[in-house]
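Please look through the sequence and the structure shown here before reading on. The report that follows goes through some of the strands, helices and surroundings one after another.

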Amino acid sequence: MKLVRPLVERLHAYIPGEQPKIKGLIKLNTNENPYPPSPKVLKAVKAAVDGRLRLYPDPTAQALREKLAQIHGCKTENIIIGNGSDELLALATRAFVEPADRGLPGRSAAVRGEPRGSIVPFVPGESAAARMAALRSGATVQYFTPSYSLYPVLADIHGAGRNPVPLKPDFSLPSVFELRRDGRWDFHAALTFITTPNAPGGRGYPTAELESLCRAQKGVVILDEAYVDFADENALELALKYPHVIVSRTFSKAYSLCFQRIGYFVGHPELIAALDRIRDSYNVNGLGQVAALATLDALPYYRANFRRIVAERERVARELTIIGFRVFPGQTNFLLVRPPVGAAKDWLGKLRERKVLVRWFSDPDVNDYLRITVGREVEMKAMLRAVRSILNRHVPRWA
Ligand code: PMP
């Protein structure tokens with residue numbers, strides 16, 4: 001007897017970046033912030049490590065939600081906190097998307113025309129084709145490629161269908177007109193993820209473009225703003241304006257708090273309440289709540305770090321361009337770059353030999369590139385030295 005569900009056995013699980021413990025390693029592979037949390041945050045966390053650890057944390061993270069609501073000019077009902085934004089992205093898949101039939105996710109039930117009355121109410125006079133399309137859309141997770149590689153995994157875990165649609169070749173966002181003309185985009189997909197600014201491309205998307213797309217979309221849209229503090233614009237207003245739009249944020253990257261796992265969604269109270277109904281009672285750990293609250297009392301410290309990281313990003317982008325790399329214009333704390341010679345995967349190994357760890361993705365649409373997290377100036381100088389030494393040594397063989 002099989003103990004594990006076939007869906008789980010077949011699953012291509014998400015592959016997180018490595019966290020090796022190698023002395024002297026310059027770690028530029030997981031977009032962590034090179035600067036530590038504010039001293040105020042460290043003090044608050046240390047002060048909370050006492051006998052209180054025996055107690056359950058606040059199940060609704062009320063104080064944190066209140067403070068975030070105040071900062072974002074909304075109500076606490078607009079906010080839900082997660083164990084990292086990854087947890088919330090997973091909850092959204094479970095709350096808003098129907099699992100498709102077994103076998104061919106997202107397609108088989110619809111193709112056989114099986115009624116799934118709970119998803120799509122029967123409309124008298126509706127054609128069989130229209131009904132099948134509606135059934136399929138109700139079980140579809142949609143996203144652009146390349147973007148955050150967790151989205152397809154979430155769809156697969158849930159047994160939902162996926163609709164990956166390519167960004168334009170320069171990783172900019174296709175317009176609604178272009179998406180309609182192309183025909184692959186599903187304007188009725190139950191859930192659409194848009195990473196903005198994009199990862200791993202790094203491009204920032206204007207709020208006006210995002211708004212046009214949100215307006216055309218019938219299902220839930222999640223604007224995943226994990227890197228937005230390093231960008232020129234944010235789209236928070238859309239989450240407060242449209243009842244089907246959610247903005248996802250995290251304390252991990254900009255606020256140097258990966259270790260504590262705190263993310264949050266801002267959206268319409270009805271969507272937030274749906275997510276709240278299915279989350280674990282104590283999904284956000286107590287020290288994480290303390291750390292996030294203290295973070296919000298130290299925003300000027302973090303803003304100074306954003307400026308340093310953005311300035312370093314621009315400096316490194318210029319230097320890599322001069323050396324011959326193709327560098328995408330980025331609005332995040334990382335750069336997506338294509339080496340001037342040789343395979344990107346080989347560069348990953350050669351940089352690693354020089355104790356510089358960057359990220360390489362095997363997906364065909366990005367496997368010619370390396371993603372380099374922006375670290376401190378001294379780390380980036382070491383990375384550039386390693387790049388130059390690789391070029392000097394290997395160009396004759398690659399040329
Ligand atoms: N969205 C994007 C685009 C990311 O790159 C990440 C980090 N891997 C996340 C969300 C999740 O961040 P966290 O769970 O740490 O909040």
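Two strands are said to pair if DSSP finds at least two bridges between them. Helices (H or I, at least four residues) and strands (E, at least two) are themselves DSSP runs, numbered from the N terminus. The model is a predicted one, in which local features need pLDDT of at least 70 and side-chain atom pairs count only at pLDDT 80 or more, while totals for chains, interfaces and linings use all residues. Residues are numbered from 1 along each chain as its sequence is written.

**Strand β5 and its partners**

Strand β3 (residues 140-145) and β5 run parallel and are joined by three bridges, and within β5 the bridge partner of Y143 is F193. Strand β6 (residues 220-224) is also parallel to β5, with five bridges between them, and here T195 has D224 in β6 as its bridge partner.

A residue is called buried if 20 or more other C-beta atoms lie within 10 Å of its own, exposed if 12 or fewer do, and partly exposed in between, the C-beta atoms being placed from the backbone. Strand β5 (residues 191-195) is mostly covered, since five of its five residues are buried. From this strand L191, F193 and T195 point one way, whereas T192 and I194 point the other way.

Together with helix α9 (residues 207-216), β5 and β6 make a right-handed β-α-β unit; right-handed here says that, with the strands pointing away from the viewer, the path from the first strand over the helix to the second runs clockwise.

| α9 (residues 207-216) | L210, L213 and C214 | 100° |

**An open sheet**

Three strands form an open sheet in the order β9-β10-β12, with antiparallel pairing. Since β9 (326-327) and β12 (370-373) stand at the edges, each with a single partner strand, one side of each is left without a neighbour in the sheet. Four bridges link strand β10 (residues 334-338) to β12, and the bridge partner of V337 in β12 is L370.

**Around the ligand**

Which residues are around the ligand? They are G84, S85, D86, Y148, T195, A199, D224, A226, T250, S252, C258 and G263, where near means that the C-beta atom, placed from the backbone, lies within 6 Å. By class, this shell has four nonpolar, six polar and two charged residues; Ala, Val, Leu, Ile, Met, Phe, Trp, Tyr, Cys and Pro count as nonpolar, Asp, Glu, Lys and Arg as charged, and the others, Gly among them, as polar.

Key:
Arc of directions from axis to C-beta.
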